[in-house]
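Please look through the sequence and the model below before reading on. The report that follows takes up a sheet, a strand, a core and the domains in turn.

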Amino acid sequence: MNVTERFLKYVSFDTQSDSRSDQIPSTPGQLILGSALAEELKGLGIQDAHCDEFGCVYGHIPPSKGCTRPGLALIAHMDTAMEMSGANIHPRIVENYDGGEIILNEEKHIATKPEDFPSLKAHIGQDLIVTDGTTLLGADNKAGIAEIVTLAEFLMANPDFPHPPVCILFTPDEEIGRGTNHVNLEKLGAAYGYTVDGGILGELSYENFNAAAAHLTFHGITAHPGYAKGVLKSAMLIAMEYQSLLPVFQTPACTQDREGFFHLNHMEGTAETATLDYLIRDHDYGLFLARQELMKDCVDFLNRKYGPKTVEITITENYRNMIEHVKAHPELIQCAITAMEQTSITPVITPIRGGTDGARLSYTGLPCPNLCTGGQNGHGRHEYVSCQAMEKVTELLKNLVRLFA
Ligand SMILES: [Zn+2]
């Protein structure tokens with residue numbers, strides 16, 4: 001089976017994860033794909049391949065003869081995002097893409113247009129797998145899985161091709177932030193690795209946001225509005241005042257690249273109680289801490305103005321920038337760049353404006369930059385992936401494992 005055939009098989013599984021579920025994994029479809037992948041790996045001769053009770057798939061490819069280097073992990077996630085259905089995906093291959101508009105669904109008037117998605121222009125002449133406009137495609141991250149399994153097939157059929165022990169890991173529930181909750185690093189047995197979960201061909205990332213969530217509660221005093229003078233303290237108005245104290249341009253809509261932000265994510269309120277929930281993001285750890293301090297200073301200001309304990313804040317750190325951990329392993333970046341050059345891929349190094357499974361793994365002892373898959377426009381109906389890009393990434397992985405032998 002080639003990488004495209006594999007990809008088409010994997011997207012026929014509905015593996016949408018669900019943050020409202022407290023099951024592990026969050027949805028049963030992920031276990032079904034996990035078992036199928038373990039069976040497929042076994043069929044390739046990877047004897048220890050299995051899907052455990054948490055829905056994590058492991059499989060180990062022994063090193064080529066004479067290689068004594070440590071294990072290299074290759075990681076992808078099986079679930080698809082919550083934004084759009086991942087059931088009944090009807091993929092279609094647009095052969096030899098001509099650079100124009102792609103009609104996804106004639107009846108529903110859904111089309112992917114190059115003016116909306118300029119990355120299409122980089123794919124002229126390639127074969128693009130698209131959706132029928134009613135679901136996402138699932139290239140995020142089944143393209144990564146198809147590429148890793150196709151590499152595994154090659155390595156098992158060519159044991160003399162130089163490579164270290166390759167430790168395969170497919171995780172569930174990445175899209176809902178639980179991808180690494182049950183990963184057993186001892187069982188994985190790798191010293192470092194890569195997530196294959198990026199976008200356009202050449203993308204390489206080893207920086208991500210530092211991330212925290214702030215929850216604020218505002219306590220007011222209610223009164224009959226006709227007789228409220230000097231008595232009423234509206235929790236909602238104090239909450240609005242709080243927001244007005246934060247820098248107006250430091251929001252997701254006004255920032256890019258390495259600029260951090262405060263993102264008001266949820267608000268609720270009555271005159272008596274109001275709550276605001278923020279996401280705090282910054283690549284720079286010092287600036288990330290300064291953002292938290294600023295949020296606390298604004299709380300202090302309002303408490304001086306309206307009385308002690310009018311406003312309470314709790315800040316929870318979610319994940320950190322992996323760069324500190326990746327820096328200790330410069331060969332991970334160097335080898336990725338060299339392997340891309342050997343595959344005639346131009347590296348595009350971009351900081352991730354989010355987090356990855358690799359960021360969490362980097363902090364638990366497995367430094368993990370993120371490699372491209374060739375997929376584009378994840379999490380929505382305009383998602384697509386190029387067959388040639390998936391073939392290139394598979395070649396890239398071959399060149400990469402050879403550098404670690
Ligand atoms: Zn992903």
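## An open sheet and its helix

In this predicted model, four strands form an open sheet in the order E4-E7-E18-E17, and their pairing is antiparallel. At the edges stand strand E4 (92-94) and strand E17 (375-376), each of which pairs on one side only. E17 is joined to strand E18 (residues 384-386) by 2 bridges, the two strands running antiparallel, and within this pairing Gln376 has Tyr384 of E18 as its bridge partner.

A helix accompanies this sheet: helix H10 (residues 387-403) lies across strand E7 (128-130) and E18, and runs at about 60 degrees to E18.

Strand E8 (residues 166-171) is mostly covered, with 6 of its 6 residues buried. Val166, Ile168 and Phe170 point one way from the strand, while Cys167, Leu169 and Thr171 point the other way, and the residues of both groups are all buried.

Two strands that pair with E8 can be described by their direction. Strand E2 (residues 57-61) runs antiparallel to E8 and is joined to it by 5 bridges, with Val57 having Phe170 of E8 as its bridge partner. Strand E3 (residues 72-77), by contrast, runs parallel to E8 and is joined to it by 6 bridges, and here Leu72 stands opposite Val166 of E8.

## The largest nonpolar core

The largest nonpolar core has 100 residues, and those that touch the most other members are Leu74, Ile148, Ile168 and Leu169. Helix H3 (residues 139-157) gives the most to this core, contributing 9 residues. Because domain 1 (3-207 + 322-403) and domain 2 (210-319) both give residues to the core, it lies between them.

In soluble globular proteins, nonpolar side chains tend to be buried together.

The protein is divided into domain 1, which covers 3-207 + 322-403, and domain 2, which covers 210-319. Between the C-alpha centres of domain 1 and domain 2 there is a distance of 37 Å.

Where the domains touch, 5 residues of domain 1 are in contact with 5 residues of domain 2. Sorted by class, the side of domain 1 that touches domain 2 has 2 nonpolar, 1 polar and 2 charged residues.

Definitions and conventions. Residues numbered from 1 in each chain as written. Predicted model: local features only at pLDDT ≥ 70, side-chain atom pairs only at ≥ 80, totals over all residues. Buried ≥ 20, exposed ≤ 12 C-beta atoms within 10 Å, placed from the backbone. Pairing = 2+ DSSP bridges. Domains from an automatic or database assignment. Contact = placed C-beta atoms within 7 Å. Nonpolar A, V, L, I, M, F, W, Y, C, P; charged D, E, K, R; others polar. Core = buried A, V, L, I, M, F, W, Y, C linked by C-beta atoms within 7 Å. Axes fitted to C-alpha atoms, helices over the stretch in contact; angles between N-to-C directions.
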